[in-house]
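Hi there,

Here is the structure I promised to pass on. Have a look at it first, and my notes on what turned up follow below.

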Amino acid sequence: MKVFPCAVILVLVFPLSTVSGSPGDVIIPKDDSPLLEAESEVKKIAERSVECTNAVDDCICKYSAMLVTCESSLYKGWMQTKCAAACGFCTRESINSECKNNYPDKTCDMLVKNGFQHMAQFQLFMSCRCAKSLGLCETTAEPDTVEPTPEDTIDVEEECLKIHNQIRIHHGAEELSWCEKCADFAQEVVDKLQDSNEPMEHASREERTWLVNGELVVHGESLQYESEPLDCKGALHSWYSESELYDPHNPVTSMLEDAAHFTQMVWKDTKSVGCAKSRNYVACIYEPTGNIKNAYEIERNVQL
């Protein structure tokens, strides 16, 4: 993160030398003759093109479009004939180009957020290198298709709740109900983990505490990560395998060191659960929390 600002400075110092053309290279007619062209002529230009393209350099057209010259009463006719694609004058069906930034999306998004497109010295660079982030082009390509995996076709609530209750019945615990707020919180957790490069960390106790029927309730949390796509079945199977490591003769230590996921799954005093998943993470939030660090409570709540 500390290196990034420096990288941005380098980007901004050198890019203009790599852009073909500059605002001074654009020869825009100063008379109104182009305005006499009819709309039908513009449509003919689009229709007779295999692709919807600009007649002059794309960067220059995007730069001109960013300066709102497409609808200028003085330049509209010229823009229609020279920059039909950049101004959106082509028919949608004729467009066959990919809308993208020529710099990393995060870099362009950051530059747009900081208003570089409004700085005269960077406007040509921004229009040429960050067209997607500026909205100067329209994405028309079909999105990448991904074959659905089993976890995408099964409802998370149905799968997670069913497996929990199938397991609990074998350990003398009542069935859980679905907690929608817990599921929403779990979704926030997995989304945050999926988008970050940080080590997997549990939400704090404070974050997992909220009002339930007028009382502050602490919630339990179980997390699972796999490098391959993950679903509830895979996560819960991994958690339940910890039952082999649970030692009822040493409940506190074995729970804390080896079997916390298992003991939370079957904790008798827990009444509801909400789960969520991203591609590589599954999180389940339990209401109220189990795994109380007390031998009596563990023995009372965990039945083999």
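**What I found**

Of the chain's 304 residues, 41% count as buried, where buried means under 20% relative accessible area, exposed means over 50%, and partly exposed lies in between (1.4 Å probe, protein chains only). Before you read on, please note that this is a predicted model, in which local features need pLDDT of at least 70, side-chain atom pairs count only at pLDDT 80 or more, and totals for chains, interfaces and linings use all residues. Residues are numbered from 1 along each chain as its sequence is written, and side-chain values use heavy atoms, with hydrogens and water left out.

**The chain as a whole**

You will find 14 helices and 6 strands in the chain; these are DSSP runs numbered from the N terminus, with helices being H or I of at least four residues and strands E of at least two. Among contacts in the chain with a separation of 6 or more, 71% are between residues 24 or more positions apart, a contact being heavy atoms within 4.5 Å. The chain exposes about 17,900 Å², and carbon and sulfur atoms supply 52% of that area. Accessible areas come from the Shrake-Rupley method with a 1.4 Å probe, and for residues only the protein chains shown count as cover.

**The disulfides**

A disulfide is a covalent bond between the sulfur atoms of two cysteines. The structure holds 4 disulfides, counted as pairs of cysteine sulfur atoms within 2.5 Å.

Cysteine 160 is joined to cysteine 232, with an S to S distance of 1.5 Å. This pair links distant parts of the chain: cysteine 160 sits in helix 10 (residues 156–168) and cysteine 232 in helix 12 (residues 232–240), 72 residues apart. The torsion about their S-S bond is about 50°, so this disulfide is right-handed. Cysteine 160 counts as buried because its relative accessibility is 0%, and cysteine 232 counts as buried because its relative accessibility is 0%.

Another disulfide joins cysteine 179 to cysteine 182, S to S 2.5 Å. Its torsion is about 70°, so it is right-handed, and both cysteine 179 and cysteine 182 are buried.

Cysteine 275 and cysteine 284 also form a disulfide, with their sulfur atoms 2.1 Å apart. Here the torsion about the S-S bond is about 110°, so this disulfide is right-handed. Cysteine 275 and cysteine 284 are both buried.

One more cysteine to look at is cysteine 128, which is buried with a relative accessible area of 2%.

Best wishes
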